[in-house]
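Hello,

Here is the structure for your files. My notes on its rings and one of its sheets follow below.

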Amino acid sequence: MKRSRVVSFAVLAVLLVVTATPVAAANVSVVSQHTTDSDFEDATITNMSIEGTGAGASVVLVDSQTTDGFEDGNLDEYSSTGGWSVTSTNPYSGQYAAEVSPSDGNDNHLIAGQISDDLTLETWIYLGDRQGGFAISNTTSSDGYQLAIHPGQSRLGIYNWTSGNFESETTASLSYNTYYRLAIDYDHSTGEVVYYVDDDSSPRQSPIASTSATLSDVEGTTYGPYAQAPNSGSATSYFDEFHDSGFTPTSGSYQSQHTAERATQAAVDISELTNATATITVTDDVSGKTLAQTTVSSAGNHTLSLLDQDSDTIDVQIDFEQDGGTPSVVLDDESILAETRSPSATNPSPNSETLAQENVTLSVDVADADFGANGDTVDLTWYLNGTQVATDTVSSNGTVTYQATELEDGPKTWHVELSDSFGSTTTSSTWSFDVQHYSPSIESLDPADNTSLTTRDITLSANLSDTDFALDGDTLTADFVVDGDVVGTDTLNSNGTASVSYTMDGGSASWHVDVSDEYGNSVESESRTIRSPSTLRIVNVTSGQLIDGSATVTAKLYSGELIFEKQTGDGTIDLTGVPVDRGYIIEVNVDGYRSRTVAIRSVFDQGSVYLLPEGETAVYQELTLNDLTGEFEPAETTLYIERPIENNGTLEWQAVAGDRLGSDAVFKTYLEEGVRYRLIIENTDGARRDLGAYVAAVNGTATLEVGQIRWTSPKGDTIQYDAYVNESSNNLVVAYEDPEDNTSSFDIVIHERGNDSNVLLDENLGAVNTYQYTHPLTGGMNETDWVVEMTVDRNSTITITEPVSSTAAIETGIPIDKRWGTLAGMLLLVCIGALFPSTLARVGAVAVVAIATGLSWLGWIYLPMTYVGLMGAVALLGLAAEFGDTI
């Protein structure tokens, strides 16, 4: 159908040329046409959708809801069916189901429609050894969203192809080779989609699992079922009872915009118009003037003559209204026709010249009055000595060039032919030039100009060519010059790449290539600059400013070998000539700042040393490594203490202290009080361990344990946590880990048990996957019981409360839910009180209060200590009164 429409436009253009008022050197042509799916996606459509792809696309009223059990034996109602078929092998119900067997990790999509309003989809799915579900995408390739179930990974998720990330996901116990019911509800106004899976016919009532996300940029995109194959091999999947709930509107509209000069007509091709009328309005977008308007009630190619336009922007508005029964509308394309001009070629170069090189640039100035608003393009064909040698396509007035290479000596002729997109052609005059001899050429220097190196050892290279290689033979000598000195030479006997190896220290260097041949010709390339980190900055960690005080900086290798010792007064250390691709231990001393020893992996990774002003509150820390794994020998292990530093508006973890631990496994330093640090250890074999967060609260020591975390998990969750007192180091340790990295928010409070005002730690963190906190218990802290409260947002909110006792003989909880424990404890107190006769009621009251105090202290029930104290006072007063009565 589309091919016939294109022909009709061509015939229309010819008729217009014949019947239009004669204009000198002008034709009438289609200068702007909307006929493809991408064209229609740029238009504004209401209650309409785009069907088909490429030039076969159309705009139609939104279809009504459908339920397809595939019992008709075909897939004719779907716009893309590649790889899909109807089979009777494994239907869920009836005789048939849709079958697809993708292979080698590929996806196969069955496109059912395009999103333009609220959408409800359901289907039964039977997966074989991979994932599947629904796809929402711009094409059948990976561009959009997958709403997938993956039995092999027990996952239900909404995956964003474009970003490569899951928008949301949850776990679901699923199996291959089993039918499941999938459903989605899409809210057009908010973009929110909810995704359900179950094994019965009502997945929204009590789903096995569900998840939701907000989709973006899906207006007008396609949707439908999909299945994916394993990375190697194939898998057969089945779909049945596919339900697509949409609506059939009674009206719709389409509005697009064109740019054109000298427009004469508009043409609208409506291939189907049943029970509806179409009002076509063409306006000048800038002035708002109506250029033409008509209402039609029959299908066909409708043309409208236009008034003179005021600007280059023209709007075409088509309003469809129901007229009778159920309307059916198909818009195939719409166009603007205008008077067009022929292109021209002037100002040729070279012309009647003698040239001294074998590579010659031919150039002409191309002009066309239809460039710009009419969107014309011109195909320019180059002819050298009567032979076509190249083509170019241009879309604006300007100079066009062609590089003629490896020309032999002798006279040459050349000309160009121009052909524009509206069918006009122009042949230029014939021009000439003469070639006498040849020189080598240099192309593609590598590294590029102003390259910042990430390694010291690099290769300098250049692509060389010479026409003489193909004639009498030649030898090119390429000298690579760095800062005026030749650092290497390479020779070539054919076109190719010359290169040398070069090792650079910190700083910058200028380099180029000098190339000479056997015939005395020589060329020099442009100069290029390469840079390697050359400055070590000394920064105030609090303000982020350079420290301009007198500083002594000593750099050593991890082995202790001295690299340099320098003085500075401006906050920078010049590293020119110093290797910058390896790790160092940097010692910095500046008056007014804490002396600092810092381990940095290389200047490429970190070019700043951060010092803490002496005026900031700091605590002395002795950090001792206790490796229970045998993997981190202290003498071969480096400790990195990092804290978040703002860099160009973002926070980055930067090393602010650290050293090779040495045989005593101890690192001593001052850390700013209350600041959250991250501790990382790394051995000489490259093994690393992130020990998590560390907050320095008081002067003291802390043991960094590796390999001894006694993880526990809340029922039904994969997160792990622990809170305990390490009796050997006398440290309170809290650890948390989310192996699936699903924690969006993590809040922690540590306070004295029964005294919420005595807070040891209160932190509100964002997304974390690993957290560790160590606090030395000194003085009266050893006699205090603590409560650790963690609030975790991880798909849902999880609250963890862990009592921690500093007395080893006291257990910190019972293995039941706190509410049930409290209820059981209360019932126990009632039972104990019932054991006392009325004559011993006052003694029983004292006994019940004493037992309640013990149960609460053990963590088996929770009673505020103020309440327990008040209860005890009342009981004691009652006992005293009884004692007075007996005297």
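**Aromatic pairs**

Across the whole structure, a search finds 16 aromatic pairs. Rings of Phe, Tyr and Trp (its six-membered ring) pair if their centres lie within 6.5 Å; planes under 30 degrees apart count as stacked, over 60 as edge-to-face and the rest as tilted. Phe134 and Tyr195 have ring centres 6.3 Å apart and planes at 65°, so this pair is edge-to-face. The two sit 61 residues apart, linking distant parts of the chain: Phe134 is in strand S11 (residues 132–137), Tyr195 in strand S16 (residues 192–198). Strands are DSSP runs of E, at least two residues, numbered from the N terminus. Phe134 and Tyr195 are both buried (under 20% relative accessible area, 1.4 Å probe, protein chains only).

Ring pairs also join Tyr92, Trp124, Tyr126, Tyr179 and Tyr238 into a cluster.

**The sheet**

Three strands form an open sheet in the order S55-S52-S58, with mixed pairing. Strands pair if DSSP finds at least two bridges between them. S55 (666–672) and S58 (700–706) are the edge strands, each pairing on one side only. S52 (residues 618–627) and S58 run parallel, joined by 7 bridges. Leu625 has Leu704 in S58 as its bridge partner.

**Basis**

This is a predicted model: local features need pLDDT of at least 70, side-chain atom pairs count only at pLDDT 80 or more, and totals for chains, interfaces and linings use all residues. Residues are numbered from 1 along each chain as its sequence is written, and side-chain values use heavy atoms, with hydrogens and water left out.

Best regards

Technical notes. Helix = DSSP H or I, 4+ residues; strand = E, 2+ residues; numbered from the N terminus. Buried < 20%, exposed > 50% of the residue type's maximum accessible area, 1.4 Å probe, protein only.
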